[in-house]
Amino acid sequence: MPHVIVSPCIGVKDQACTEVCPVECIYDGGDQFLIHPDECIDCGACVPACPVSAIFPEEDVPGGEEDFIVKNRVYFGL
């Protein structure tokens with residue numbers, strides 16, 4: 001399962017996650033960063049790099065944040 005960036009990233013966009021991603025699958029989505037679900041290799045390198053703890057494996061996205069799974073897929077046309 002790919003990773004998903006949720007609401008704490010909105011307006012922050014620290015870029016630490018983009019610097020550690022080995023496949024460069026994290027994109028600027030305007031108000032926040034988004035992870036391309038088909039490009040993510042599920043390595044988890046981005047998780048500890050995020051200063052606002054906004055990145056989760058898709059299956060572990062916190063309750064109330066599930067809309068961000070859809071937001072990622074829609075943004076990338078999936």
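## Close-up views of the model

**View 1. The second largest cavity and its lining.** The second largest cavity is lined by 14 residues, and those nearest its centre are Cys-9, Asp-14, Cys-17, Cys-50 and Pro-51. You are looking at a predicted model, in which local features need a pLDDT of at least 70 and side-chain atom pairs count only at pLDDT 80 or more, while totals for chains, interfaces and linings use all residues. Residues are numbered from 1 along each chain as its sequence is written, and side-chain values use heavy atoms, with hydrogens and water left out. A cavity here is a set of points, on a 1 Å grid over the protein atoms alone, where a 1.4 Å probe fits but cannot get out, and lining residues have an atom within 4 Å of a point. The volume of this second largest cavity is about 70 Å³, where volume is the space filled by probe spheres set on grid points joined across faces, edges and corners. Its lining has eleven nonpolar, one polar and two charged residues. In this sorting, Ala, Val, Leu, Ile, Met, Phe, Trp, Tyr, Cys and Pro are nonpolar, Asp, Glu, Lys and Arg are charged, and the others, Gly among them, are polar.

**View 2. The largest cavity, with cysteines nearest its centre.** The model has two cavities of 30 Å³ or more, and the largest holds about 90 Å³ of space. Its lining is made of 14 residues, with Cys-21, Cys-25, Cys-40, Cys-43 and Cys-46 nearest the centre. By class, eleven of the lining residues are nonpolar, two are polar and one is charged.

**View 3. Cysteines without disulfides.** Searching the whole structure turns up zero disulfides, a disulfide being a pair of cysteine sulfur atoms within 2.5 Å. For Cys-21, which is in no disulfide, the nearest cysteine sulfur belongs to Cys-25 and is 3.7 Å away. Cys-46 is in no disulfide either, and its nearest cysteine sulfur, that of Cys-43, is 6.3 Å away. Cys-21 is buried, at 11% relative accessibility, and Cys-46 is buried too, with a relative accessible area of 8%. Buried stands for under 20% relative accessible area, exposed for over 50% and partly exposed for in between (1.4 Å probe, protein chains only).

View 4. Strands (E, at least two residues) and helices (H or I, at least four) are DSSP runs numbered from the N terminus. Not counting residues up to four places away in sequence, Ile-5 touches Ile-26, Gln-32, Phe-33, Leu-34, Ile-35, Ala-54, Ile-55, Phe-68 and Asn-72, where contact means heavy atoms within 4.5 Å.

View 5. Ile-26 sits in strand S2 (residues 26–28) and is buried, at 11% relative accessibility. Beyond its neighbours within four places in sequence, Ile-26 contacts Ile-5, Cys-17, Thr-18, Cys-21, Phe-33, Leu-34, Ile-35 and Cys-46. Arg-73 lies in helix H3 and is partly exposed, with a relative accessible area of 28%. Ile-26 and Arg-73 are 47 residues apart in sequence, and their C-alpha atoms are 13 Å apart. Not counting residues up to four places away in sequence, Arg-73 touches Pro-2, Pro-37, Glu-58 and Leu-78.

**View 6. Positive phi at Lys-13 and Gln-15.** Most residues other than glycine have a negative phi. Lys-13, although not a glycine, has a positive phi of about 45°, and for Gln-15, also not a glycine, the positive phi is about 80°. Lys-13 belongs to the loop between S1 and helix H1 (16–20), and Gln-15 lies in the loop between S1 and H1. Lys-13 is partly exposed at 24% relative accessibility, and Gln-15 is partly exposed at 42%. The C-alpha atoms of Gln-15 and Val-47 are separated by 12 Å, the two residues being 32 residues apart along the chain.

Terms used:
1 Å grid on protein atoms, 1.4 Å probe; cavity = no way out; pocket = protein on both sides within 12 Å on 5 of 7 lines; lining within 4 Å.
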